[in-house]
Structure formats: structure tokens, C-alpha cells
Amino acid sequence: MLGDLVIKNRSFRRFDESYQIEREVLEGLVDLGRLSASGANLQPLKYYLCCDKAGNDVIFPFLAWAGYLCNWPGAKEGERPSAYIIILCDTNISKNCGCDHGIAAQSILLGAAELGLGGCMIGSIKKAQLAEKLELPEHLEIALVLALGKPAEKVVLEDIDAEGSIKYYRDAEMVHHVPKRSLKDIIVR
């Protein structure tokens, strides 16, 4: 059921790095993005796929992982993603990809959740430096990076506390807690 996949689809930041994701799996996930809605049906998105250790090691340092976890430097060796899908906007097709990258990313991550994988949609990227390192053509702009792998952490949804904090956090057992606003608090009418 879709609701179950939405709940299962969390932002995972620690993975079992030894679990390999084949390129064919990434291509299947990208196909879900390809089939998703696109503003004016322009379809300006392109995808850079990486599922090998050497390539992953190139991408990892250009990403920021968890703004609210101030004392966490990011996943350590062995807990890093097994694969990345970098969503690119082809500016030869459209100067702005609108919200297409978000729609495609959600479709891809729901597909990953269905396969028992987890991911993290990363928007905090050193885009210019990563594009240069990957030798991307100038007309392909990085929109998002999806980190993928076999989750190696537990993520729990909970109601926002009395202070109203939306900041996610980790407890002493390294369980990742994500506060969510209630349904009654977000419906205006």
C-alpha cells in the first residue's frame, strides 16, 4: 500500500556499505523518475549513476548530511551509501527544472523503499565543485543527490513536542527521531 511505503521511506543517513546495489537496479529506479510528472512535459532531468566504491568516495565529501546533528560529521567508513543517483537539470531543455527533480526523487525513493532499500535526498551540495570533479558538461546542473543503500539505522516518526521543535535528533541508542506536525495542525480549512 502506498501509505506504508511513504512511512517506510525515511531519510536514512547510515547504511550497510557492504551491500552492493547493481547498476540495473539504479536504472530501474531512474525509470520511475522518467515516468513521473514533468512541468509542461519538458522532461529536463538527466541522471548520473554511481554504484562503485571509488566513484562513491569521490561524491561523498561534497555532500552535507544532517544539519540538526551538529556533532555528527557524517557516516563513517562502512556506513556510507552503496550508490548515488545525481539528478541533473539539462539547461539546454529548460533553464529551470521547477519541481520536477522533487517529484522524480520521491518516485525513486519510494521505489527504493519497495525494494527494501533506503535513501536520503540531499540538497546541501557543493554543486560547482562536484560538477567539476565529475566533469559534467556546463549545461547539466546538479539539482539533488540521492544517496542509496541498505539502511543501517532505525528512524522513528513522532509527534512534535510541547516546545514545537521540528529538529530531528538521535537518542543514546542512535535511533533517529523525526518530529512531524499533526494533521490537524497543517490543514487550514
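Trainee: Which residue is the bridge partner of Gly119 in strand 4?
Mentor: This is a predicted model, so local features need pLDDT of at least 70 and side-chain atom pairs pLDDT 80 or more, while totals for chains, interfaces and linings use all residues. Residues are numbered from 1 along each chain as its sequence is written, and side-chain values use heavy atoms, without hydrogens and water. Strand 3 (residues 118-122) runs antiparallel to strand 4, joined by five bridges (strands are DSSP E runs of at least two residues, helices H or I runs of at least four, numbered from the N terminus; pairing takes at least two DSSP bridges). In strand 4, the partner of Gly119 is Leu148.

Trainee: And which residue of strand 4 is the bridge partner of Leu88?
Mentor: Look at strand 2 (residues 83-90), which pairs with strand 4 in the antiparallel sense over eight bridges. There, Leu88 is bridged to Ile142.

Trainee: How many of the 10 residues of strand 4 are buried?
Mentor: Buried means under 20% relative accessible area, exposed over 50% and partly exposed in between, with a 1.4 Å probe and protein chains only. Strand 4 is largely enclosed by the rest of the structure, because the buried residues number nine.

Trainee: Which residue of strand 7 stands opposite Leu157?
Mentor: Strand 7 (residues 176-180) is largely enclosed by the rest of the structure, because four of its five residues are buried. Strand 5 (residues 155-159) pairs with strand 7 in the parallel sense over five bridges. Across from Leu157 you will find Val178.

Trainee: Which residue takes a positive phi in the hairpin of strand 6 and strand 7?
Mentor: Strand 6 (residues 169-170) and strand 7 pair in the antiparallel sense over two bridges, and Tyr169 has His177 as its bridge partner. Five residues lie between the strands of this hairpin, and the one with a positive phi near 65° is Met174.

Trainee: Is Ala40 buried or exposed?
Mentor: Ala40 lies in the loop between helix 2 (23-34) and strand 1 (45-50). Its phi is positive, about 55°, although Ala40 is not a glycine. With a relative accessible area of 74%, Ala40 is exposed.

Trainee: What is the relative accessibility of Glu135?
Mentor: You will find Glu135 in the loop between helix 5 (127-133) and strand 4 (140-149), with a positive phi of about 55° although it is not a glycine. Glu135 counts as exposed because its relative accessibility is 71%.

Trainee: Over the ring of which residue does the charged end of Arg170 sit?
Mentor: A charge sits over a ring if NZ of Lys or CZ of Arg is within 6 Å of the ring centre and within 35 degrees of the ring normal. Lys150 has its charged end over Tyr19, 5.2 Å from the ring centre. For Arg170, at 4.4 Å from the ring centre, the residue is Trp72.
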